[in-house]
Amino acid sequence: MNPVRPEELSALLDGELSDERDREVRMHIAENPALGDEFRLLEQLDAEWTAAARTAQFSPVARVRLKRPALSGFGAAALVLGLSVLRLSPKFIEPVGIAFGLQALGLVILLAFAATLTRPDRLAA
Amino acid sequence: MRHPGAYERALRPLLPAAAGYARSIVGSRHDAEDAVQQAALRGWERIDQYDASRPFRGWWFAILRNCCFDMLRRSAAARTGPLGGLDPPAPDEPDPVDWEGLDEALRRLSQDHQDILRLKYFGGLKYDEIAAALAIPRGTVMSRLHLARKALAAQTRKEEEA
């Protein structure tokens, strides 16, 4: 078993050691009272600061508006598809009922795309 | 992470700890909220620089840390005071935390030790995340954090004996 390096006591406390090394260091602590005292001192300090830091947390009221990225691939495809259906369906599609149906579909695609543009992106806790 | 929604989802769980962390540096809840807001915006502006193979929390806390220190520098330049630009909590903000005691304990440590203790406790960062935030190796995080705790313990013991 390798001897314990001082910083491994902190790493043990923080759960940052491998399982095997964790077991080894705990065995060292059990066998060495001075090491045990040092570990318990660190544990006490850690408990106090962890509790204080947890109490210090709060949800910030900050609200952030994020800029949208440039037109996404999906958005661009929806835009092109919607415009194409609107423009072409009355000319090339028979009967008229199906053409109107396709026009309505194009309109829905465009409206859905517009909704994604106008939806606010806010960041809040 | 290139979409605002993804960024927001990654950021939202960090905000309460981020606010406490910022408060531990800038000295008031109001300034902490400003710092968190600035960091959120700055992070989004720099999202293209984020390497997805590294911990997001560490990357974003590095930005928050810079925002906090920028704010401190601006405050110090704008006014002088016993706490170097830090404001005591406003009277209408009941705060259960003994900030005076915590600030006092931290101020007696080196800047490196203050930094790593704030990230560990107030930020709640793991070693890999602290390494990313401070741009230091994980082994350095381990040894520096241990030395910081020892210094803090020695400081506490000295105060108890006095």
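I'll start with a helix pair across the two chains: helix α3 of chain A, residues 33-56, packs against α8(B) with the axes 10 Å apart and an angle of about 85°. That angle makes α3(A) roughly perpendicular to α8(B). By class, that is 5 nonpolar residues, no polar ones and 1 charged. Keep in mind throughout that this is a predicted model.

Now the interface as a whole. How many residues does each chain put into the contact? Chain B supplies 36 residues and chain A supplies 29 residues. On the side of chain B that touches chain A, the elements giving two or more residues are α1 (4-11), α2 (15-26), α3 (29-45), α6 (111-122) and α8 (138-161). Of these, α3(B) gives the most, with 8 residues. That side of chain B has 22 nonpolar, 7 polar and 7 charged residues.

Next, the two chains one at a time. Chain A has 5 helices and 2 strands, in the order α-α-α-β-α-α-β along the sequence. It has 125 residues, and 17% of them count as buried. For contacts in chain A with a separation of 6 or more, 56% come from residues 24 or more positions apart.

As a general point, nonpolar side chains in soluble globular proteins tend to be buried together. In this model the largest nonpolar core has 53 residues, and those touching the most other members are B:A18, B:A22, B:A35, B:V36, B:L64 and B:I130. The largest share of this core comes from α2(B), with 8 residues.

So what does α2(B) look like? Its 12 residues should span 16 Å at 1.5 Å a residue, and the end C-alpha atoms are 16 Å apart, which agrees. The helix is mostly covered, with 11 of its 12 residues buried. The buried set runs B:L15, B:A17, B:A18, B:A19, B:G20, B:Y21, B:A22, B:R23, B:S24, B:I25 and B:V26. What do these buried residues pack against? From chain A there is α3, and from chain B there are α1, α3, α4 (56-78), α5 (99-107) and α6. Just after α2(B), B:G27 takes a positive phi of about 95°.

Last, α3(B). This helix has 17 residues and reaches 24 Å from first C-alpha to last, close to the 24 Å expected at 1.5 Å a residue. Its buried residues include B:R29, B:D31 and B:E33 as well as B:A35, B:V36 and B:W44. Which residues does B:A35 contact, leaving aside neighbours within four places in sequence? They are B:A22, B:V26, B:L64, B:C67, B:C68 and B:M71. Two of those names, B:A22 and B:V26, are also among the buried residues of α2(B).

To close, α3(B) is the element that gives the most to the side of chain B touching chain A, and B:A35, a buried residue of α3(B), is one of the core residues that touch the most other members.

Note on methods: Residues numbered from 1 in each chain as written. Chains lettered and ligands numbered in written order. Predicted model: local features only at pLDDT ≥ 70, side-chain atom pairs only at ≥ 80, totals over all residues. Contact = placed C-beta atoms within 7 Å. Helix = DSSP H or I, 4+ residues; strand = E, 2+ residues; numbered from the N terminus. Nonpolar A, V, L, I, M, F, W, Y, C, P; charged D, E, K, R; others polar. Axes fitted to C-alpha atoms, helices over the stretch in contact; angles between N-to-C directions. Parallel < 35°, antiparallel > 145°, perpendicular 65-115°, else oblique. Core = buried A, V, L, I, M, F, W, Y, C linked by C-beta atoms within 7 Å. Buried ≥ 20, exposed ≤ 12 C-beta atoms within 10 Å, placed from the backbone. Expected span 1.5 Å × (residues − 1).
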